[in-house]
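This briefing is for a reader meeting the structure for the first time. Please keep the sequence and the 3D view open while reading.

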Amino acid sequence: MADEEVVVLGFWTSTYGTRATIALDEKGVKYEYREEDLSNKSSLLLQMNPVHKKIPVLIHNGKPVCESLIIVQYVDEVWRDKAPLLPSDPYQRARARFWADFIDKKVVFDAGKKLWSTKGEEHEAAKKEFIEILTQLEGELGDKPYFGGERFGFLDVALITFYTWFYAFETCGNFSIEAECPKLIAWAKRCMQKDSVWKTLPDHKKVYEFVIGMKKMFGME
Amino acid sequence: MAEVKLLGFWPSFFVHRVIWALKLKGVSYEYIEEDLSNKSQLLLQSNPVYKKVPVLVHGGKTIAESLIILEYIEETWPEKPLLPKDPHEKALARFWIQFGVEKIRPSLGAYFRAVGDEEQEKATKELHEALKILEEQVLGDKIFFGGDTIGLGDIACGALSYWFECVEEAVGKKVLEPGTLPRLHAWAQNFKQVPVIKESLPDHGRLLDYVKHTREKFVLAKSTAQ
(Lines give C-alpha, C1' and ligand atoms only; values in the text may rest on other atoms or scores of the structure.)
Protein backbone atom coordinates (compact mmCIF):
# COMPACT_ATOMS: atom_id res chain seq x y z
CA MET A 1 0.00 0.00 0.00
CA ALA A 2 3.11 2.21 -0.15
CA ASP A 3 2.16 4.33 -3.14
CA GLU A 4 -1.44 4.99 -2.22
CA GLU A 5 -2.48 8.58 -2.60
CA VAL A 6 -5.31 9.50 -0.26
CA VAL A 7 -6.76 12.99 0.02
CA VAL A 8 -9.74 14.09 2.11
CA LEU A 9 -11.61 17.31 1.38
CA GLY A 10 -13.38 18.44 4.56
CA PHE A 11 -14.57 21.25 6.76
CA TRP A 12 -13.47 21.48 10.38
CA THR A 13 -16.87 21.54 12.09
CA SER A 14 -18.52 19.05 9.74
CA THR A 15 -19.93 16.02 11.53
CA TYR A 16 -19.84 14.21 8.16
CA GLY A 17 -16.30 15.15 7.20
CA THR A 18 -14.85 14.01 10.50
CA ARG A 19 -16.38 10.54 10.01
CA ALA A 20 -14.05 10.07 7.05
CA THR A 21 -10.90 11.14 8.87
CA ILE A 22 -11.69 9.09 11.98
CA ALA A 23 -12.16 5.99 9.82
CA LEU A 24 -8.84 6.57 8.06
CA ASP A 25 -7.05 7.18 11.36
CA GLU A 26 -8.52 4.00 12.84
CA LYS A 27 -7.00 2.12 9.92
CA GLY A 28 -3.67 3.91 10.22
CA VAL A 29 -3.93 5.16 6.62
CA LYS A 30 -1.73 8.12 5.68
CA TYR A 31 -3.68 10.85 3.96
CA GLU A 32 -3.58 14.51 3.10
CA TYR A 33 -6.34 16.59 4.63
CA ARG A 34 -7.47 19.72 2.81
CA GLU A 35 -9.73 22.20 4.56
CA GLU A 36 -12.36 23.63 2.19
CA ASP A 37 -13.67 27.17 2.32
CA LEU A 38 -17.34 26.40 1.77
CA SER A 39 -18.06 29.96 0.67
CA ASN A 40 -15.39 29.59 -2.02
CA LYS A 41 -15.24 25.93 -3.01
CA SER A 42 -12.06 24.66 -4.63
CA SER A 43 -12.04 23.54 -8.22
CA LEU A 44 -10.91 20.13 -6.95
CA LEU A 45 -14.07 19.78 -4.84
CA LEU A 46 -16.29 20.88 -7.72
CA GLN A 47 -14.52 18.46 -10.03
CA MET A 48 -14.60 15.51 -7.64
CA ASN A 49 -18.19 15.97 -6.42
CA PRO A 50 -19.98 17.76 -9.27
CA VAL A 51 -23.39 16.34 -8.31
CA HIS A 52 -23.60 17.68 -4.76
CA LYS A 53 -20.50 19.93 -4.49
CA LYS A 54 -20.25 18.93 -0.82
CA ILE A 55 -17.65 17.63 1.56
CA PRO A 56 -16.46 15.15 2.57
CA VAL A 57 -14.83 13.72 -0.52
CA LEU A 58 -12.23 10.98 -0.31
CA ILE A 59 -9.91 10.89 -3.29
CA HIS A 60 -8.06 7.58 -3.53
CA ASN A 61 -5.45 7.39 -6.29
CA GLY A 62 -7.36 10.11 -8.13
CA LYS A 63 -10.78 8.47 -7.84
CA PRO A 64 -13.43 10.22 -5.71
CA VAL A 65 -15.76 8.64 -3.16
CA CYS A 66 -18.53 10.87 -1.81
CA GLU A 67 -21.09 10.71 1.02
CA SER A 68 -19.64 10.14 4.51
CA LEU A 69 -21.14 6.71 5.31
CA ILE A 70 -20.27 5.44 1.85
CA ILE A 71 -16.70 6.69 2.43
CA VAL A 72 -16.49 4.90 5.80
CA GLN A 73 -17.67 1.62 4.21
CA TYR A 74 -15.21 2.08 1.35
CA VAL A 75 -12.32 2.67 3.78
CA ASP A 76 -13.41 -0.41 5.74
CA GLU A 77 -13.40 -2.56 2.59
CA VAL A 78 -10.15 -1.31 1.06
CA TRP A 79 -8.08 -1.37 4.27
CA ARG A 80 -9.74 -4.47 5.63
CA ASP A 81 -6.69 -5.92 7.37
CA LYS A 82 -6.78 -3.46 10.27
CA ALA A 83 -9.43 -2.31 12.76
CA PRO A 84 -12.60 -3.63 11.06
CA LEU A 85 -15.41 -1.10 11.46
CA LEU A 86 -18.42 -3.05 10.25
CA PRO A 87 -19.02 -6.42 11.93
CA SER A 88 -18.54 -9.53 9.80
CA ASP A 89 -22.02 -10.93 10.47
CA PRO A 90 -24.59 -9.68 7.89
CA TYR A 91 -27.32 -9.16 10.50
CA GLN A 92 -25.04 -7.10 12.76
CA ARG A 93 -23.96 -5.14 9.69
CA ALA A 94 -27.60 -4.45 8.84
CA ARG A 95 -28.20 -3.27 12.41
CA ALA A 96 -25.23 -0.90 12.29
CA ARG A 97 -26.36 0.47 8.91
CA PHE A 98 -29.95 0.84 10.17
CA TRP A 99 -28.91 3.00 13.12
CA ALA A 100 -26.43 5.04 11.10
CA ASP A 101 -29.24 5.68 8.62
CA PHE A 102 -31.48 6.59 11.58
CA ILE A 103 -28.91 9.18 12.69
CA ASP A 104 -28.82 10.74 9.23
CA LYS A 105 -32.57 10.43 8.63
CA LYS A 106 -33.64 11.91 11.94
CA VAL A 107 -30.69 14.13 11.25
CA VAL A 108 -29.45 14.64 14.74
CA PHE A 109 -27.74 17.65 13.31
CA ASP A 110 -30.94 19.17 11.96
CA ALA A 111 -32.84 18.42 15.15
CA GLY A 112 -29.93 20.07 16.96
CA LYS A 113 -29.96 22.92 14.45
CA LYS A 114 -33.53 23.72 15.49
CA LEU A 115 -32.18 24.11 19.01
CA TRP A 116 -30.07 27.09 18.12
CA SER A 117 -32.30 28.56 15.47
CA THR A 118 -35.72 28.56 17.19
CA LYS A 119 -37.32 30.19 20.21
CA GLY A 120 -40.18 29.63 22.61
CA GLU A 121 -42.53 26.71 21.94
CA GLU A 122 -40.66 25.61 18.80
CA HIS A 123 -37.48 25.52 20.84
CA GLU A 124 -39.05 23.38 23.58
CA ALA A 125 -40.36 20.97 20.93
CA ALA A 126 -36.89 20.80 19.35
CA LYS A 127 -35.33 19.92 22.73
CA LYS A 128 -37.85 17.13 23.26
CA GLU A 129 -37.28 15.74 19.74
CA PHE A 130 -33.50 15.86 20.17
CA ILE A 131 -33.57 14.01 23.49
CA GLU A 132 -35.97 11.39 22.09
CA ILE A 133 -33.53 10.65 19.25
CA LEU A 134 -30.59 10.35 21.66
CA THR A 135 -32.62 8.15 24.01
CA GLN A 136 -33.42 5.74 21.18
CA LEU A 137 -29.72 5.58 20.33
CA GLU A 138 -28.92 4.98 23.98
CA GLY A 139 -31.31 2.04 23.86
CA GLU A 140 -29.35 0.54 20.96
CA LEU A 141 -26.09 0.99 22.89
CA GLY A 142 -27.46 -0.85 25.93
CA ASP A 143 -24.68 -1.97 28.25
CA LYS A 144 -22.05 -2.38 25.55
CA PRO A 145 -18.88 -0.26 25.78
CA TYR A 146 -19.30 0.68 22.11
CA PHE A 147 -22.13 0.40 19.61
CA GLY A 148 -19.83 -2.05 17.84
CA GLY A 149 -19.66 -4.21 21.00
CA GLU A 150 -16.22 -4.62 22.53
CA ARG A 151 -14.68 -2.67 19.66
CA PHE A 152 -15.19 0.85 18.28
CA GLY A 153 -17.01 0.39 15.00
CA PHE A 154 -19.07 1.82 12.16
CA LEU A 155 -21.96 3.14 14.22
CA ASP A 156 -19.57 4.64 16.79
CA VAL A 157 -17.86 6.54 13.95
CA ALA A 158 -21.24 7.65 12.60
CA LEU A 159 -22.41 9.15 15.89
CA ILE A 160 -19.30 10.32 17.79
CA THR A 161 -18.70 13.21 15.39
CA PHE A 162 -21.86 14.90 16.70
CA TYR A 163 -20.53 14.85 20.27
CA THR A 164 -18.47 18.03 19.95
CA TRP A 165 -21.68 19.84 18.99
CA PHE A 166 -23.40 18.82 22.22
CA TYR A 167 -21.87 21.66 24.25
CA ALA A 168 -23.27 24.19 21.73
CA PHE A 169 -26.71 22.50 21.82
CA GLU A 170 -26.73 22.41 25.62
CA THR A 171 -25.68 26.04 25.98
CA CYS A 172 -28.18 27.30 23.40
CA GLY A 173 -30.88 25.03 24.76
CA ASN A 174 -30.10 25.52 28.43
CA PHE A 175 -30.24 21.84 29.31
CA SER A 176 -27.89 19.01 30.14
CA ILE A 177 -27.66 16.10 27.72
CA GLU A 178 -25.73 14.13 30.35
CA ALA A 179 -28.66 14.42 32.76
CA GLU A 180 -31.03 13.02 30.12
CA CYS A 181 -28.71 10.44 28.51
CA PRO A 182 -25.91 9.55 30.93
CA LYS A 183 -25.00 6.26 29.24
CA LEU A 184 -24.58 7.99 25.90
CA ILE A 185 -22.28 10.63 27.39
CA ALA A 186 -20.25 7.90 29.13
CA TRP A 187 -19.92 6.21 25.73
CA ALA A 188 -18.86 9.49 24.09
CA LYS A 189 -16.17 10.14 26.71
CA ARG A 190 -14.89 6.59 26.21
CA CYS A 191 -14.61 7.24 22.44
CA MET A 192 -12.89 10.57 23.04
CA GLN A 193 -9.98 8.69 24.63
CA LYS A 194 -9.14 7.17 21.27
CA ASP A 195 -6.42 8.96 19.29
CA SER A 196 -8.38 8.65 16.05
CA VAL A 197 -11.27 10.54 17.66
CA TRP A 198 -9.81 13.32 19.83
CA LYS A 199 -7.18 14.25 17.24
CA THR A 200 -9.82 14.80 14.58
CA LEU A 201 -12.74 16.33 16.42
CA PRO A 202 -12.77 20.11 16.88
CA ASP A 203 -12.73 21.60 20.36
CA HIS A 204 -16.33 21.96 21.60
CA LYS A 205 -15.85 25.56 22.70
CA LYS A 206 -14.63 26.48 19.21
CA VAL A 207 -17.70 24.76 17.75
CA TYR A 208 -19.85 26.83 20.10
CA GLU A 209 -18.17 30.04 18.89
CA PHE A 210 -18.82 28.87 15.33
CA VAL A 211 -22.50 28.36 16.18
CA ILE A 212 -22.73 31.82 17.74
CA GLY A 213 -21.18 33.20 14.56
CA MET A 214 -23.79 31.36 12.47
CA LYS A 215 -26.59 32.65 14.71
CA LYS A 216 -25.37 36.25 14.22
CA MET A 217 -25.14 35.68 10.48
CA PHE A 218 -28.73 34.44 10.33
CA GLY A 219 -29.95 37.11 12.73
CA MET A 220 -30.98 34.58 15.34
CA GLU A 221 -29.73 36.12 18.56
CA MET B 1 -31.94 -22.88 6.11
CA ALA B 2 -33.63 -20.48 8.50
CA GLU B 3 -37.11 -19.26 7.67
CA VAL B 4 -37.53 -16.03 5.71
CA LYS B 5 -40.64 -13.89 6.03
CA LEU B 6 -41.45 -10.58 4.38
CA LEU B 7 -43.97 -8.19 5.86
CA GLY B 8 -45.36 -6.09 3.04
CA PHE B 9 -48.13 -4.02 1.52
CA TRP B 10 -49.07 -4.92 -2.05
CA PRO B 11 -48.70 -1.49 -3.81
CA SER B 12 -45.52 -0.48 -1.96
CA PHE B 13 -42.55 -0.20 -4.31
CA PHE B 14 -40.27 -0.38 -1.26
CA VAL B 15 -41.66 -3.86 -0.67
CA HIS B 16 -41.37 -4.78 -4.35
CA ARG B 17 -37.62 -4.05 -4.23
CA VAL B 18 -37.19 -6.72 -1.56
CA ILE B 19 -39.36 -9.23 -3.45
CA TRP B 20 -37.23 -8.78 -6.58
CA ALA B 21 -33.97 -9.23 -4.66
CA LEU B 22 -35.19 -12.38 -2.90
CA LYS B 23 -36.42 -13.87 -6.18
CA LEU B 24 -33.24 -12.97 -8.07
CA LYS B 25 -31.26 -14.78 -5.39
CA GLY B 26 -33.63 -17.76 -5.46
CA VAL B 27 -34.55 -17.35 -1.78
CA SER B 28 -37.87 -18.88 -0.66
CA TYR B 29 -39.89 -16.72 1.66
CA GLU B 30 -43.32 -16.38 3.20
CA TYR B 31 -45.07 -13.16 2.26
CA ILE B 32 -47.33 -11.58 4.87
CA GLU B 33 -49.65 -8.79 3.70
CA GLU B 34 -50.06 -6.04 6.28
CA ASP B 35 -53.16 -3.93 6.79
CA LEU B 36 -51.48 -0.57 7.34
CA SER B 37 -54.59 0.86 8.98
CA ASN B 38 -54.41 -1.96 11.53
CA LYS B 39 -50.75 -2.94 11.89
CA SER B 40 -50.02 -6.41 13.20
CA GLN B 41 -48.22 -7.11 16.45
CA LEU B 42 -45.48 -8.74 14.42
CA LEU B 43 -44.89 -5.54 12.45
CA LEU B 44 -44.96 -3.29 15.51
CA GLN B 45 -42.52 -5.59 17.31
CA SER B 46 -40.25 -6.09 14.30
CA ASN B 47 -39.99 -2.43 13.38
CA PRO B 48 -40.69 -0.43 16.53
CA VAL B 49 -38.68 2.58 15.29
CA TYR B 50 -40.64 3.30 12.10
CA LYS B 51 -43.54 0.77 12.21
CA LYS B 52 -43.35 0.50 8.41
CA VAL B 53 -43.06 -2.14 5.74
CA PRO B 54 -41.05 -3.79 4.32
CA VAL B 55 -39.57 -5.80 7.19
CA LEU B 56 -37.55 -8.92 6.52
CA VAL B 57 -37.63 -11.55 9.24
CA HIS B 58 -34.85 -14.11 8.87
CA GLY B 59 -34.55 -16.85 11.46
CA GLY B 60 -36.37 -14.59 13.90
CA LYS B 61 -34.06 -11.62 13.30
CA THR B 62 -35.68 -8.49 11.86
CA ILE B 63 -34.30 -6.06 9.33
CA ALA B 64 -36.10 -2.85 8.31
CA GLU B 65 -35.62 -0.15 5.63
CA SER B 66 -35.69 -1.47 2.07
CA LEU B 67 -32.17 -0.42 1.02
CA ILE B 68 -30.67 -1.89 4.18
CA ILE B 69 -32.64 -5.09 3.57
CA LEU B 70 -31.22 -5.19 0.01
CA GLU B 71 -27.63 -4.99 1.33
CA TYR B 72 -28.47 -7.70 3.88
CA ILE B 73 -29.83 -9.99 1.16
CA GLU B 74 -26.75 -9.30 -0.98
CA GLU B 75 -24.39 -10.24 1.86
CA THR B 76 -26.36 -13.21 3.20
CA TRP B 77 -26.88 -14.83 -0.21
CA PRO B 78 -23.75 -13.76 -2.12
CA GLU B 79 -24.37 -15.91 -5.23
CA LYS B 80 -25.67 -13.94 -8.22
CA PRO B 81 -24.19 -10.66 -6.91
CA LEU B 82 -26.18 -7.47 -7.31
CA LEU B 83 -23.35 -5.09 -6.36
CA PRO B 84 -19.95 -4.75 -8.08
CA LYS B 85 -17.00 -6.47 -6.39
CA ASP B 86 -14.57 -3.59 -6.87
CA PRO B 87 -14.77 -1.27 -3.81
CA HIS B 88 -14.77 1.91 -5.87
CA GLU B 89 -17.45 0.63 -8.26
CA LYS B 90 -19.47 -0.49 -5.22
CA ALA B 91 -19.11 2.96 -3.61
CA LEU B 92 -20.29 4.52 -6.87
CA ALA B 93 -23.35 2.23 -7.00
CA ARG B 94 -24.18 3.17 -3.41
CA PHE B 95 -23.66 6.85 -4.20
CA TRP B 96 -26.20 6.80 -7.01
CA ILE B 97 -28.70 4.81 -4.92
CA GLN B 98 -28.33 7.54 -2.27
CA PHE B 99 -28.81 10.17 -5.00
CA GLY B 100 -32.06 8.45 -5.86
CA VAL B 101 -33.18 8.75 -2.25
CA GLU B 102 -32.17 12.39 -1.84
CA LYS B 103 -33.00 13.86 -5.24
CA ILE B 104 -35.23 11.58 -7.35
CA ARG B 105 -37.75 10.49 -4.72
CA PRO B 106 -38.57 13.99 -3.41
CA SER B 107 -38.97 15.23 -7.00
CA LEU B 108 -41.25 12.29 -7.78
CA GLY B 109 -43.25 13.06 -4.64
CA ALA B 110 -43.55 16.72 -5.54
CA TYR B 111 -44.68 15.82 -9.07
CA PHE B 112 -47.27 13.38 -7.71
CA ARG B 113 -48.64 15.99 -5.30
CA ALA B 114 -48.50 19.06 -7.55
CA VAL B 115 -51.87 20.68 -8.18
CA GLY B 116 -52.47 23.60 -10.55
CA ASP B 117 -50.50 24.66 -13.62
CA GLU B 118 -47.75 26.61 -11.85
CA GLU B 119 -46.96 23.97 -9.28
CA GLN B 120 -47.15 21.19 -11.88
CA GLU B 121 -44.84 23.00 -14.28
CA LYS B 122 -42.23 23.59 -11.57
CA ALA B 123 -42.44 19.99 -10.31
CA THR B 124 -42.23 18.56 -13.83
CA LYS B 125 -39.16 20.64 -14.63
CA GLU B 126 -37.34 19.63 -11.43
CA LEU B 127 -38.18 15.97 -11.92
CA HIS B 128 -37.03 16.07 -15.52
CA GLU B 129 -33.69 17.61 -14.47
CA ALA B 130 -33.13 14.92 -11.84
CA LEU B 131 -34.00 12.15 -14.32
CA LYS B 132 -31.69 13.69 -16.91
CA ILE B 133 -28.79 13.24 -14.48
CA LEU B 134 -29.73 9.57 -14.09
CA GLU B 135 -29.92 9.12 -17.84
CA GLU B 136 -26.69 10.90 -18.73
CA GLN B 137 -24.38 10.33 -15.80
CA VAL B 138 -25.52 7.03 -14.37
CA LEU B 139 -27.08 4.95 -17.13
CA GLY B 140 -25.01 6.32 -19.99
CA ASP B 141 -24.72 3.67 -22.72
CA LYS B 142 -25.53 0.75 -20.46
CA ILE B 143 -28.75 -1.24 -20.79
CA PHE B 144 -29.15 -1.47 -17.03
CA PHE B 145 -27.60 0.49 -14.15
CA GLY B 146 -25.92 -2.78 -13.21
CA GLY B 147 -24.47 -3.21 -16.71
CA ASP B 148 -25.68 -6.14 -18.85
CA THR B 149 -27.81 -7.52 -16.04
CA ILE B 150 -29.80 -5.77 -13.33
CA GLY B 151 -28.17 -4.81 -10.04
CA LEU B 152 -29.11 -3.05 -6.83
CA GLY B 153 -29.22 0.27 -8.67
CA ASP B 154 -31.90 -1.02 -11.03
CA ILE B 155 -33.84 -2.51 -8.13
CA ALA B 156 -33.62 0.77 -6.20
CA CYS B 157 -34.88 2.72 -9.25
CA GLY B 158 -37.37 0.08 -10.34
CA ALA B 159 -40.39 2.17 -9.38
CA LEU B 160 -39.49 4.56 -12.21
CA SER B 161 -40.82 1.96 -14.60
CA TYR B 162 -44.19 0.41 -13.72
CA TRP B 163 -45.10 2.61 -10.72
CA PHE B 164 -44.26 5.90 -12.31
CA GLU B 165 -46.28 4.97 -15.41
CA CYS B 166 -49.35 4.87 -13.17
CA VAL B 167 -48.40 8.21 -11.62
CA GLU B 168 -48.06 9.80 -15.06
CA GLU B 169 -51.48 8.49 -16.00
CA ALA B 170 -53.03 9.72 -12.74
CA VAL B 171 -51.45 13.17 -13.08
CA GLY B 172 -52.23 13.27 -16.80
CA LYS B 173 -48.79 14.41 -17.87
CA LYS B 174 -45.89 12.29 -19.11
CA VAL B 175 -42.28 12.94 -18.11
CA LEU B 176 -40.43 9.74 -18.99
CA GLU B 177 -40.80 9.86 -22.77
CA PRO B 178 -38.68 8.37 -25.56
CA GLY B 179 -38.30 11.82 -27.10
CA THR B 180 -36.86 13.57 -24.05
CA LEU B 181 -35.30 10.75 -21.99
CA PRO B 182 -34.66 8.04 -24.60
CA ARG B 183 -32.20 5.88 -22.68
CA LEU B 184 -34.08 5.99 -19.39
CA HIS B 185 -37.32 5.24 -21.21
CA ALA B 186 -35.68 2.24 -22.88
CA TRP B 187 -34.30 1.14 -19.51
CA ALA B 188 -37.82 1.23 -18.03
CA GLN B 189 -39.18 -1.00 -20.80
CA ASN B 190 -36.24 -3.44 -20.54
CA PHE B 191 -36.51 -3.55 -16.76
CA LYS B 192 -40.18 -4.57 -16.85
CA GLN B 193 -39.30 -7.41 -19.24
CA VAL B 194 -36.72 -9.03 -16.96
CA PRO B 195 -38.46 -12.36 -16.12
CA VAL B 196 -38.23 -12.07 -12.31
CA ILE B 197 -39.53 -8.48 -12.46
CA LYS B 198 -42.27 -9.21 -15.00
CA GLU B 199 -43.73 -12.05 -12.96
CA SER B 200 -43.63 -10.04 -9.72
CA LEU B 201 -45.25 -6.77 -10.79
CA PRO B 202 -48.66 -6.06 -9.29
CA ASP B 203 -51.65 -6.07 -11.64
CA HIS B 204 -51.45 -2.84 -13.65
CA GLY B 205 -55.17 -2.05 -13.41
CA ARG B 206 -55.25 -2.57 -9.68
CA LEU B 207 -52.12 -0.45 -9.12
CA LEU B 208 -53.45 2.28 -11.40
CA ASP B 209 -56.67 2.46 -9.36
CA TYR B 210 -54.66 2.71 -6.15
CA VAL B 211 -52.40 5.45 -7.55
CA LYS B 212 -55.35 7.40 -9.00
CA HIS B 213 -57.16 7.17 -5.67
CA THR B 214 -54.07 8.49 -3.86
CA ARG B 215 -53.75 11.32 -6.39
CA GLU B 216 -57.41 12.27 -5.89
CA LYS B 217 -56.77 12.60 -2.16
CA PHE B 218 -53.93 15.10 -2.83
CA VAL B 219 -56.09 17.14 -5.22
CA LEU B 220 -58.99 17.16 -2.78
CA ALA B 221 -56.76 18.16 0.16
CA LYS B 222 -55.35 21.07 -1.86
CA SER B 223 -58.70 22.32 -3.07
CA THR B 224 -60.31 22.18 0.38
CA ALA B 225 -57.27 23.94 1.86
CA GLN B 226 -57.94 26.95 -0.33
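In chain A, A:Leu9 stands opposite A:Val57 of strand S3(A). The model is a predicted one, in which local features need pLDDT of at least 70, side-chain atom pairs count only at pLDDT 80 or more, and totals for chains, interfaces and linings use all residues. Residues are numbered from 1 along each chain as its sequence is written, chains are lettered from A and ligands numbered from 1 in the order in which they are written, and side-chain values use heavy atoms, with hydrogens and water left out. Helices (H or I, at least four residues) and strands (E, at least two) are DSSP runs, numbered from the N terminus.

**The sheet of chain A**

- Four strands form an open sheet in the order S2-S1-S3-S4 (chain A), with mixed pairing; two strands pair if DSSP finds at least two bridges between them.
- S2 and strand S4 (63-66) of chain A are at the edges with a single partner strand each, so one side of each has no neighbour in the sheet.
- Direction ignored, neighbouring strands of this sheet are turned by 20° against each other on average.
- Strand S1 (residues 6-10) of chain A pairs with strand S3 (residues 57-60) of chain A in the antiparallel sense, over four bridges.
- S1(A) also pairs with strand S2 (residues 32-35) of chain A, in the parallel sense and over four bridges.
- From S1(A) the chain crosses through helix H1 (residues 17-26) of chain A to S2(A), a β-α-β crossover that is right-handed (with the strands pointing away from the viewer, the path from the first strand over the helix to the second runs clockwise).

**Burial of S1(A)**

- Five of the five residues of S1(A) are buried, so the strand is largely enclosed by the rest of the structure; buried means under 20% relative accessible area, exposed over 50%, and partly exposed in between (1.4 Å probe, protein chains only).
- A:Val6, A:Val8 and A:Gly10 point one way from S1(A), while A:Val7 and A:Leu9 point the other way.

**A helix pair in chain A**

- Helix H6 (residues 120-141) of chain A packs against helix H8 (residues 166-173) of chain A at an angle of about 145°, with the axes 11 Å apart. Axes are lines fitted to C-alpha atoms, for helices over the stretch in contact, and angles run from 0 to 180 degrees between N-to-C directions.
- H6(A) contributes A:His123, A:Lys127, A:Phe130 and A:Leu134 to the contact, and H8(A) contributes A:Phe166, A:Phe169, A:Cys172 and A:Gly173; contact means heavy atoms within 4.5 Å.

- Most residues other than glycine have a negative phi, and most peptide bonds are trans.
- The peptide bond from A:Ile55 to A:Pro56 is cis, with omega near 0°, and A:Pro56 is in the loop between helix H2 (43-48) and S3 of chain A.
- The bond from B:Val53 to B:Pro54 is a cis peptide bond with omega near 5°; B:Pro54 lies in the loop between helix H2 (41-46) and strand S3 (55-58) of chain B.
- A:Ala83, not a glycine, has a positive phi of about 40° and is partly exposed, with a relative accessible area of 24%.
- B:Lys51 has a positive phi near 55°, is in the loop between H2 and S3 of chain B, and is partly exposed at 38% relative accessibility.
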